[in-house]
Amino acid sequence: MEGELPAAPERSAGLPAGDGGGDSPSALLPAEVLDLDGDEDDLEVFSKDASLMDMNSLSPTMPTSPLSMINQVKFEDEPDLKDLFITVDEPESHVTTLETFITYRVVTKTSRGEFDSSEFEVRRRYQDFLWLKGKLEEAHPTLIIPPLPEKFIVKGMVERFNDDFIETRRKALHAFLNRIADHPTLTFNEDFKVFLTAQAWELSSHKKQGPGLLSKMGQTVRAVAWSVRGVKSRPEEFTDMNDFIETFSQKINLIDKISQRIYKEEREYLDEMKEYGPIHSLWAESEEGLADTLSGVASCLARCCTATERRLLGLPEALLPVVHEYVLYSETLMGVMKRRDQIQAELDSKVEALTYKRADTDLCLATWETFLASQSDLSSKEPCEENP
């Protein structure tokens with residue numbers, strides 16, 4: 001199958017999830033706004049189930065970040081030259097009578113000959129990125145398309161477009177475009193070029209050139225029919241791969257929930273300690289006999305607050321976004337396997353229809369040969385009957 005799927009089910013290094021530098025994507029929203037109270041039972045399952053791999057087999061030199069894993073796979077003769085640089089910055093809010101949305105400036109610098117200029121600057125909104133991802137999946141159904149951050153649907157967020165959320169999304173969109181630019185196949189996609197170079201009205205016009213609504217509905221109906229029909233004989237390689245992806249998806253989703261719950265509870269614990277410190281200090285001023293003890297408790301609480309803040313400082317940047325991006329990549333892989341099954345189901349359907357047509361053709365030929373033989377017999381008997 002075309003694409004970058006893992007060569008064997010035991011490997012999960014085909015799931016890049018983060019940049020090594022400061023522009024690492026973060027599709028994660030603040031953990032305080034997530035409601036995880038309904039997942040108490042799920043947290044019990046992880047400790048009882050087997051792990052994905054034997055942790056004792058890990059080499060000390062093994063890369064720890066997802067991007068470092070994927071970057072180790074390079075062709076020997078591949079030149080390390082980059083000719084396409086993309087930057088996503090300067091988010092800007094737009095308010096209309098119908099909606100409020102954010103656009104981002106996309107600056108492209110390139111030395112490729114197929115571009116009309118060496119530098120382009122356009123503004124794109126989140127829906128434009130969704131359109132690009134859909135076109136890439138349509139043109140390359142078996143390739144692993146880099147994931148986008150989720151659409152904003154979270155309970156508990158008072159202000160929809162706060163600065164932290166906008167910056168988190170900007171980093172994720174920046175990583176999304178640069179991953180496409182670094183991909184050996186996706187980077188030459190025509191829709192990707194239009195996305196980087198066309199002005200807003202040109203992009204809108206280009207979107208309308210695709211298949212109409214009825215055609216899209218027909219494709220959806222056929223895809224549903226093929227998925228319901230299922231695959232008759234999926235190769236064992238893809239069966240093992242699909243089972244591994246499903247197991248990996250379940251476990252990484254559970255790890256993501258546990259990580260976010262730990263972060264949420266640690267934040268609540270820190271907020272409580274910040275309240276207890278001043279209380280003990282005031283208490284020490286009113287109790288002379290316990291002043292030293294209460295002051296020591298207040299000092300201890302202050303040190304605990306400092307240590308907890310230091311420990312929590314790296315989680316939103318180093319751990320949570322990386323784990324959550326593995327979740328997004330697992331969903332992408334499951335989508336790739338589903339599209340592969342649809343392609344095979346379509347192939348099986350056409351092969352079956354061709355077999356029926358071939359059988360009908362053979363039957364028609366046999367009937368025609370029988371008819372010709374009977375006509376030949378009749379013509380040979382007629383002269384004998386005329387000469388008694």
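Start with helices α3 and α4: α3 passes α4 in a left-handed crossing. A crossing is left-handed if the near helix is turned anticlockwise from the far one by less than a right angle, and right-handed if clockwise. Helices here are DSSP runs (H or I, at least four residues), strands are DSSP runs too (E, at least two), and both are numbered from the N terminus.

The model is predicted: local features need pLDDT of at least 70, side-chain atom pairs count only at pLDDT 80 or more, and totals for chains, interfaces and linings use all residues. Residues are numbered from 1 along each chain as its sequence is written, and side-chain values use heavy atoms, with hydrogens and water left out.

**Stop 1: α3 against α4**

Select residues 126-139 for α3 and residues 163-182 for α4. Two packed helices are described by the angle between their axes and the distance between the axes. For α3 and α4 the angle is about 30 degrees, and the axes are 12 Å apart. The axes are lines fitted to C-alpha atoms, for helices over the stretch in contact, and angles run from 0 to 180 degrees between N-to-C directions. That makes α3 roughly parallel to α4. The cut-offs are under 35 degrees for roughly parallel, over 145 for roughly antiparallel, 65 to 115 for roughly perpendicular, and oblique for the rest.

Now show side chains. On α3, the contact is made by Y126, F129, L132, K133 and L136. On α4, pick R169, L173, F176, L177 and I180. Contact means heavy atoms within 4.5 Å.

**Stop 2: the ring cluster**

Ring pairs link F129, F176 and F195 into a cluster. Rings of Phe, Tyr and Trp (its six-membered ring) pair if their centres lie within 6.5 Å; planes under 30 degrees apart count as stacked, over 60 as edge-to-face and the rest as tilted. By this rule the count comes to 6 aromatic pairs.

Zoom in on F129 and F195. They form an edge-to-face pair, with 5.0 Å centre to centre and 70 degrees between the planes. F129 lies in α3 and F195 in α5 (residues 190-197), so the pair ties together parts that are 66 residues apart in sequence. Buried means under 20% relative accessible area, exposed over 50%, and partly exposed in between (1.4 Å probe, protein chains only).

**Stop 3: around α5**

Select α5. This helix is mostly covered: 6 of its 8 residues are buried. The buried ones are D191, F192, V194, F195, L196 and T197. What covers them? The cover includes β1, β2 (100-110), β3 (119-125), α3, α4 and α6 (200-207).

**Stop 4: charges over rings**

Then go to R125, whose charged end sits over the ring of F101, 3.9 Å from its centre. A charge sits over a ring if NZ of Lys or CZ of Arg is within 6 Å of the ring centre and within 35 degrees of the ring normal.

**Stop 5: the loop between α3 and α4**

Select P147, which is in this loop. P147 is buried, with a relative accessible area of 7%. Leaving aside neighbours within four places in sequence, P147 is in contact with K133, F176, L328, Y329 and T332. The C-alpha atoms of P147 and L173 are separated by 9.4 Å, and the two residues are 26 residues apart along the chain.

F161 is in the loop between α3 and α4 too. Not counting residues up to four places away in sequence, F161 touches T100, F101, I102 and I166.

**Stop 6: E90**

Jump to strand β1 (residues 84-95), where E90 lies. Most residues other than glycine have a negative phi. E90 has a positive phi of about 50 degrees although it is not a glycine. E90 is partly exposed, with a relative accessible area of 44%.

**Stop 7: α8 and α9**

Select α8 (residues 236-286) and α9 (residues 291-313). They pack at an angle of about 155 degrees, with their axes 8 Å apart. α8 and α9 are therefore roughly antiparallel to each other. α8 passes α9 in a left-handed crossing.

**Last stop: the whole chain**

Zoom out. The protein chain has 10 helices and 3 strands. Of its 388 residues, 36% count as buried.
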